[in-house]
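Hi,

Here is the structure I promised to pass on. Have a look at it first, and then read my notes below.

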Amino acid sequence: MRGTHGSNPATRILTTLVALLALQIGSLVAPAYACGCGAMIPDSSERIGVDREESAVRWDGRTETVVMRFNVHGNARRAAWIMPVPSRAEVTLGDPALFDALESLTAPEERDRHYFWPREGDWPFDSSYGDGAAGAAPPGAGSGVGVVGRERLGPFDVARLTATDPAALGDWLHANGFELPERLPGALRPYVDRKWEYVAVRLAPQEKGASLQGKLSPLRISFASPELVYPMRLSRLARSPQTLGLYVLADHRMEPRSPIGGDRPEVTFAGRIDGDESAALARLTGGAPVHLTALEQEFPHPDRIDDDHHLRAVADTPYREVVYNDRLLTIGDDVPAWLVTVGAGALVAAAATLLAVRASRRRSHPDPGVRSTA
């Protein structure tokens, strides 16, 4: 009699596949508790992940304004995040058109780069020759927490807080219905020691029962700051790699002082722009000309993040990415240059061969009307 452990191989394979599928689905909605500027906190039974964080930062030497937008996934219907700020903050809704304007201003320059000999996908290696291949909360429930302001802004419930110790801040958030990463109070300690304040935000889809998906409405946070600083330390709590896109608008080109535990920040654009390129941009810059620096940074191991981003002025050297579109060199719109060249060469070679044959025949059969003088 066959034992129960000797189950059908097909059943074992099916069980393994189901387990792998469950593991994969779990990884897709695994909590990314931290984002580049603060801690994203879903309800305990739900999961949320931050695919990308984009921020536009305006600094005039005294006041810093951060406009933030998150691209999220998961099944969370409610979530919250917390952002440390060095001084009292004012919070309003941001303009989504701002990021469209910045993306347009910093888009790579496209150039055509031609090649002579056909490649895969070009005729005659492809049956159809085309255009060429392109390369290319209720007030303070916990002691030690002060609620200095609370506003309802669209889908956001915003509380501006002070805290004398991180555990008190954690208690306040917990009492207001949010589960916290266990390590969050410890990560907040450096901000408490420096007497920073906090912007805590509850957010939920405006459609009842829907989950948080895609690009969330941007939020605008302004505060006084003698230096350009972008809070990043809480990102060390993230359990998956993080991506940061940062647009910096200031009097000069600005770059981070160090990678703070991530890959080297990459400048994708730097240059002087008119502050009134669009209405959304003018609302951030006041319409004055500014220097725009676009930065991209990857954090493959968020637990290595050891500081906030402190940015400094560098030489105002302009830079713009160039994207090359590789295209087959043609004469006119349709005729490959290599085909014309090869065809012309073949005609020249054929003509030369014909002339050589004729000359050889004349030497072999001299004109009978011409007599030799020998």
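**What I found**

The chain exposes about 20,100 Å², and carbon and sulfur atoms supply 53% of that. Keep in mind that this is a predicted model. Of the 374 residues of the chain, 41% count as buried. The secondary structure comes to six helices and 21 strands.

**The inside**

The largest nonpolar core has 34 residues. If you want to find your way into this core, try the residues with the most contacts inside it: Trp81, Val199, Ile221, Tyr230, Leu246 and Leu311. Strand S13 (residues 242–250) gives the core its largest share, four residues. There is also a second, separate core of 20 residues, with Ile82, Ala159, Tyr191 and Val192 among them. As a general point, nonpolar side chains in soluble globular proteins tend to be buried together.

**Helices**

In helix H3 (residues 166–175), the buried residues are Pro166, Ala168, Leu169, Gly170, Trp172 and Leu173. Look at the start of H3 too: a side-chain oxygen of Asp165 comes to within 2.9 Å of the backbone nitrogen of Ala167.

Thr285 belongs to helix H5 (residues 279–285). Is Thr285 buried or exposed? Thr285 counts as buried, since its relative accessibility is 7% and the cut-off for buried is under 20%. The side chain of Thr285 reaches the backbone oxygen of Gly275 at 2.8 Å.

**Charged pairs**

A search of the whole structure finds 11 salt bridges. Here are some to click on:

- Glu197 and Arg88 meet through their side chains, at 2.6 Å from N to O. Glu197 is buried, with a relative accessible area of 13%, whereas Arg88 is partly exposed at 46%.
- Arg189 and Asp193 form a salt bridge at 3.4 Å, N to O. These two are four residues apart in helix H4 (residues 184–193), so about one helical turn separates them. Arg189 is partly exposed, with a relative accessible area of 38%, and Asp193 is partly exposed as well, at 49%.
- Asp307 forms a salt bridge with Arg233, and their closest N and O atoms are 3.1 Å apart. This pair links distant parts of the chain, 74 residues apart. Asp307 is in the loop between strand S16 (290–299) and strand S17 (309–313), while Arg233 is in the loop between strand S12 (228–230) and S13. Asp307 is partly exposed, with a relative accessible area of 25%, but Arg233 is buried at 15%.
- Glu54, Arg69 and Glu103 are linked in a network of salt bridges.

Which residues make the nonpolar surface patch of about 220 Å²? Ile331, Val335 and Val340 do. Val340 is in helix H6 (residues 337–364) and is partly exposed, with a relative accessible area of 35%.

Happy browsing!

Methods:
Residues are numbered from 1 along each chain as its sequence is written. This is a predicted model: local features need pLDDT of at least 70, side-chain atom pairs count only at pLDDT 80 or more; totals for chains, interfaces and linings use all residues. Side-chain values use heavy atoms; hydrogens and water are left out. A nonpolar core is a set of buried Ala, Val, Leu, Ile, Met, Phe, Trp, Tyr and Cys residues joined through side-chain atoms within 4.5 Å. Buried means under 20% relative accessible area, exposed over 50%, partly exposed in between (1.4 Å probe, protein chains only). Patches are made of residues with over 30% relative accessible area and no salt bridge: like charges are joined within 9 Å, nonpolar side chains (Val, Leu, Ile, Met, Phe, Trp, Tyr) within 5 Å. Accessible areas come from the Shrake-Rupley method with a 1.4 Å probe; for residues, only the protein chains shown count as cover. A salt bridge is a side-chain nitrogen of Lys or Arg within 4 Å of a carboxyl oxygen of Asp or Glu. A polar contact is a pair of N or O atoms within 3.5 Å; within protein, one must be able to donate a hydrogen and the other to accept it, and residues adjacent in sequence count only if both atoms are side-chain atoms.
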